[in-house]
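Please read the following report on a single protein chain alongside its sequence and coordinates.

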Amino acid sequence: MSQAGPFQRVNTVSPPLKGSFPLDHEGACKYEMLKYMCCLHEKNQQNTECRELAKQYFSCRMDKGLMEKDEWHKLGYADKKVRPSNSNLVAY
């Protein structure tokens, strides 16, 4: 007898679109990850302000073999210019 409900077991599991990748247990890219997370916190979770830091984090992961090397445009970083932050502007 099959029932639908919150306690029904899932028999089929689909993998993530990009596949699985190893976690950074040894902290090889911890510094890049922390810079990105601090930026997100400072910018109220607006990731467009932190795109360059995210790209540095992905680059570190690819360089250290923690994720497959891929083309930047496939990861959402196609020749888009990052907006300058408002911290460079001088108020009069």
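This is a predicted model: local features need pLDDT of at least 70, side-chain atom pairs count only at pLDDT 80 or more; totals for chains, interfaces and linings use all residues.

Residues are numbered from 1 along each chain as its sequence is written, and side-chain values use heavy atoms, with hydrogens and water left out.

**Confidence**

The pLDDT, the predictor's confidence in each residue on a scale from 0 to 100, averages 79 over the protein chain, and 68% of the residues score at least 70. In residues 82–92 the pLDDT is below 50, and this stretch has six contacts in the model beyond near neighbours in sequence. A contact here means heavy atoms within 4.5 Å.

**Disulfides**

Two disulfides are present in the structure, a disulfide being a pair of cysteine sulfur atoms within 2.5 Å. Counting bonded cysteines along the chain, the pattern is 1-4, 2-3. C38 takes part in no disulfide, and the nearest cysteine sulfur, that of C39, is 8.8 Å away. C38 is classed as partly exposed because its relative accessibility is 44%; the class covers values between buried (under 20% relative accessible area) and exposed (over 50%), with a 1.4 Å probe and protein chains only.

| Disulfide | S to S distance |
|---|---|
| C29 to C60 | 2.1 Å |
| C39 to C50 | 2.0 Å |

The link of C29 and C60 is left-handed, with -90° about the S-S bond. C29 lies in the segment before helix 1 and C60 in helix 2 (residues 51–63), so this pair ties together parts that are 31 residues apart in sequence. Helices are DSSP runs of H or I with at least four residues, numbered from the N terminus. Helix 1 itself covers 30–42.

C39 and C50 are both buried. Leaving aside neighbours within four places in sequence, C39 is in contact with E49, C50 and L53.

**Nonpolar core**

The largest nonpolar core consists of six residues: Y36, C39, L40, C50, A54 and Y77. Helix 1 supplies the largest share of this core, three residues. Such a core is a set of buried Ala, Val, Leu, Ile, Met, Phe, Trp, Tyr and Cys residues joined through side-chain atoms within 4.5 Å. In soluble globular proteins, nonpolar side chains tend to be buried together.

**Positive phi values**

Which backbone angle is positive in N44? Phi of N44 is near 55°, in a residue other than glycine. Q45 likewise has a positive phi, near 65°. Most residues other than glycine have a negative phi. N44 lies in the loop between helix 1 and helix 2, and Q45 is also placed in that loop. N44 counts as exposed because its relative accessibility is 62%; Q45 is exposed as well, with a relative accessible area of 54%.

Definitions and conventions. Helices (H or I, at least four residues) and strands (E, at least two) are DSSP runs, numbered from the N terminus.
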